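User: Hi! Could you walk me through a couple of spots in this one?
Analyst: Happy to, let's bring it up.

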Amino acid sequence: MEKPMSYVQKHRSITQQRLANFLTGGQWKDVNIHASLNEAVARGHPSIELELWSAQAQERPTFAHAAEQQFSPIDVGHVFGPSWTTHWVRATIRIPKEFAGKQVRLMFDPSCEAMVWSAEGEPLQGITGSNDLGSRTDFILTSKARPDEAVRILYLEVACNGMFGNGESPNIAPPLENRQFTLKTAELAVWNADARALLQELTILRAIAKALPSDSPRAWQALATANEVINIYTVGDQKSIAAARAVSAKFFADKGGESNHQVYAIGNCHIDTAWLWPYDETKRKIARSWASQVDLMDRFPEYRFAASQAQQFEWLQTLYPSLFERVKEKAKAGQFIPIGGTWIEMDCNLPSGESLARQFLLGQRYFEKHFGVRSKIFWLPDTFGYSSQIPQIIRLSGSEYFYTQKLSWNNINKFPHTTFNWVGLDGSSVLTHMSPAETYTAGVSVEDLIGSLGKHKDVAYTNESLYLYGHGDGGGGPLADMLERLRYMGDVDGLPRVKHAHPNEFYEHVDKTAKGLVTWSGELYFELHRGTYTSQANTKKGNRQAELLLRDVEMLSVLAQSTAHGFAYPAAELERIWKLVCLNQFHDVLPGSSIEMVYRDCDVIYADVLGSAKAMKESAVMALFSHVAALSADTATGMLFVNTTGWPRTDVVAVPGLGCGDVQQMRKRDNARLVVAAAVPSCGVSVVDASSDTNTTGDSSIVPAGVYMDSDGNVVLENIFITAKIGSTNGQLVSLWDRRLERELVPQGAAGNVFRLHDDVPIFWDGWDIEIYNLEKFVELPGSKVTIVDEGPLLASVCVEVAISEQSRLRQWISLSATSPRLDFDCDVDWHENRKCLKVAFTWDIRSDMATYDTQFGVVQRPTHRNTSWEMAKFEVCAHKFADLSEYGYGVALLNDCKYGYSTLGSTMALSLLRAPKAPDANCDMGHHSFRYAVYPHKGSFNESSVVREAYQFNVPLVQLPVDVTTIDAVGIAPFFAVKDAPNVVIDTVKAAEDDARSVVIRLYESYGGHARATLTTSLKVARAQLTNILEEHISGAGVTASAAGTSSIKLSFRPFEIVTVKLDLNV
């Protein structure tokens, strides 16, 4: 009989559909490959018996606690719940004798996540229920069962949440409170290994036939091979499976050429440290995911898996010590790869420069201590934009390379590069790669591998790419199926070559062989998720407060240890607190894109951080000045002020409770006494005699500030520097007059302090996004009442009340002190809106194509126009303490104390104050808020101004202590630290050295973008000075000059925006 003719080429689409039906469950599963996947299955008694104990509420008890409880019988079909609860299942397993000689698996599908534990309390493997993408419901009991297998006991810790929490579809919705999960499967199974291998082979063949061009011979070969396999296969005939596999083997035996694109594959599971689940659930996700990966490493010796975030390793070390030891063993073998070098995968827009430095300091030191490795790669696949100082910080932290992927999500412009050199603010450069597969959770598919070449934008310079695979965000990681597919696709004609590799191998190869890589200079701005500069305002405020308070604590503690007998630098507590601050800077926490449970945790953490930091600060201050301290403000005769900024400053300070002597002015809002702290030295001390209001270091005479109504009905705030007119009918700034230069800053018909309530309805990512079209739809909110409050001489102020809506109100105090041209706006808001964004806008009579924004250790300039789509995309940008709009000869800065979202279009600057998204946190930002912003006009362009200093002063108040002035001679007032000859150099951090608390580390940076030759002086006794990196490792020596006055000087040179770290060894 003649062999039947194949009509594949005549009906390509029909053959493809035939193949799809053969691979899919459903109505054909009894006659296709699915009918052969199992050799045998055993269900129910006596093979498997289940018992249950449920923990109370949302408790997550340990194995030891759970194993001691009373268990009750359950069966398949049992329902676990509600959301976030924990249920322990005890499984008694008797492997049937007929399974002897076979690999036997427990199939357990609780529809949610779970952990398999041994009877001895060892975590063995994670379970992901079939409700989730990437389900993992099988656990190998034995590779080869014996005829006389003993009874086995396993425990299964069932967590009532899916891989992506408990939200309804879409999963970014707020979590359901009463989500239920059904136990779908609990059985023993023997798999048909050949049938499952054939399933993998056909899956790949089908994908090749579909993904390659229709005129590709290789695509036709794949389709013809798959068609032939189906013709050979017969349900129930094991020999037909072997024959079918022999046909497919011929296809996979054809190899690709050496010039084919090379893909370097690395498994990962990118566990978000918190997102749609709280921190405590992440701790279990880590154990579930990594236990599964360690098991795969035993089964696939070629497998390589990378995990970042030292915090996650420390949690594993603390909570799952035996699993941590198994991870260390696999790391030593080169399979489990600690990577990234930071404490967590942090946001890179919002944390301060010092916070970024601490992320690396904590992360690199942890990995070196416990794994003996330092990460060469800054690993950050999923963060929402990258500051222009990142390259320098990477280099100063012992790393060389950068990996990310997120810019592939841009919603306006497609980022033009895949592999390139990224150059930062100071000129530092790092080799950077973004996977052309455009995902960090790839599923090992033919489409991804083809895309690794087809979407590679720099293949002209380098023919390699990195491929991250494994289920992630919610953990899980690679599945065995993925590793099996990689074995088939390692080198097969029609596809790029792919191999398991350490990411270092990829970067080092590219670094050595790539020719002519392009350069990208400046920030990597993410054209999406712009709302993350504003969402969850209280968390952002807590972060800013913590960063600056810890700055004070460390500096004061260094001074106390260096000058006060018996004071010990609180190194351990500071490390604990810094770890918590860094934890909350995770890229879904600080940006505001997590569920409400996470922010309840944040509130607790910030209460801990701020409480501990305030106690440490008080301890250091008392160690320094207890001999002059009064018992209380009531009994004080003066005030001592400590200036922790690196330049002299004069402030009007509110002192609660100080009542002695003649009172110049009490602030009416809180009945605090106002005092002038005049010319407080750089990182130094000044004392005010409260009985005479005379500063012991010099004359404190000032020209008073005042307030009055003008003939036009405006409320006028005025001091020697400026005249500010507030509309009495709307609370807006209708005029700002520089009295020194006789210049009006508000154009005719324009205004400042204009509140705008915008619609804020994004396309999808509610808590994440502000869209450009929302700028088109807003209402202005005029003040409904303007009242004069303080009338000078030290402070003049008015109160403005604004009705935002029927549900929301704003109350604002606009104030002007006698000592500064800065106009302050202090706001209290009750906020109860639905998808609205509150902004405040100022229009200035200033013309510039660029605005300047504060960033980590420097500034970045961005356009004020929308000429191109790239400029248009930056309609909302991130800044830290200020944004500045300057032209030749003059400028105005808009400062803030806890906000980050800015925009400048033409001559109008706006600051985003509050948002009201409803997912993933349905109550995001609802409630009371307090925040401050300020306007600071200045002579000269930004580079000629003192904006950087003013922004620090707005955020870093003077430290105050009630004192007895009769002991004034006992207080030294010389600056502890100062910078001379370089007003563009900032002392940002003073801390004890990590490995020697008797040595002092000072971190400085050039803040305006120019070279500098600075002299760092200190009253501490310095034996030796050296320049170090962020890890406090020696770079070079620095000469120390001692003066007759007892101070030490160190000469330092700076490049534009350079970060310089100096370590001082003191004479003890």
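**A sheet and an arginine**

Analyst: Strand β56 runs antiparallel to strand β57 (residues 1048-1054), and three bridges join them. Strands here are DSSP runs of E with at least two residues, numbered from the N terminus, and two strands pair if DSSP finds at least two bridges between them. This is a predicted model, where local features need pLDDT of at least 70, side-chain atom pairs count only at pLDDT 80 or more, and totals for chains, interfaces and linings use all residues. Residues are numbered from 1 along each chain as its sequence is written, and side-chain values use heavy atoms, leaving out hydrogens and water.

User: Which residue is the bridge partner of alanine 1042 in β57?
Analyst: That is serine 1048.

User: What is the strand order in the open sheet?
Analyst: The order of its four strands is β50-β53-β57-β56, with antiparallel pairing. β50 (977-980) and β56 (1040-1042) are at the edges with a single partner strand each, so one side of each has no neighbour in the sheet.

User: New topic: is arginine 105 buried or exposed?
Analyst: Arginine 105 counts as buried, because its relative accessibility is 6%. Buried means under 20% relative accessible area, exposed over 50%, and partly exposed in between, with a 1.4 Å probe and protein chains only.

User: Where is arginine 105 placed, and what does it touch?
Analyst: Arginine 105 is in strand β6 (residues 104-109). Not counting residues up to four places away in sequence, arginine 105 touches residues including Asp138, Glu187, Trp191 and Arg299, where contact means heavy atoms within 4.5 Å.

User: How many residues apart in sequence are arginine 105 and tryptophan 191?
Analyst: They are 86 residues apart in sequence and 8.0 Å apart in space, C-alpha to C-alpha.
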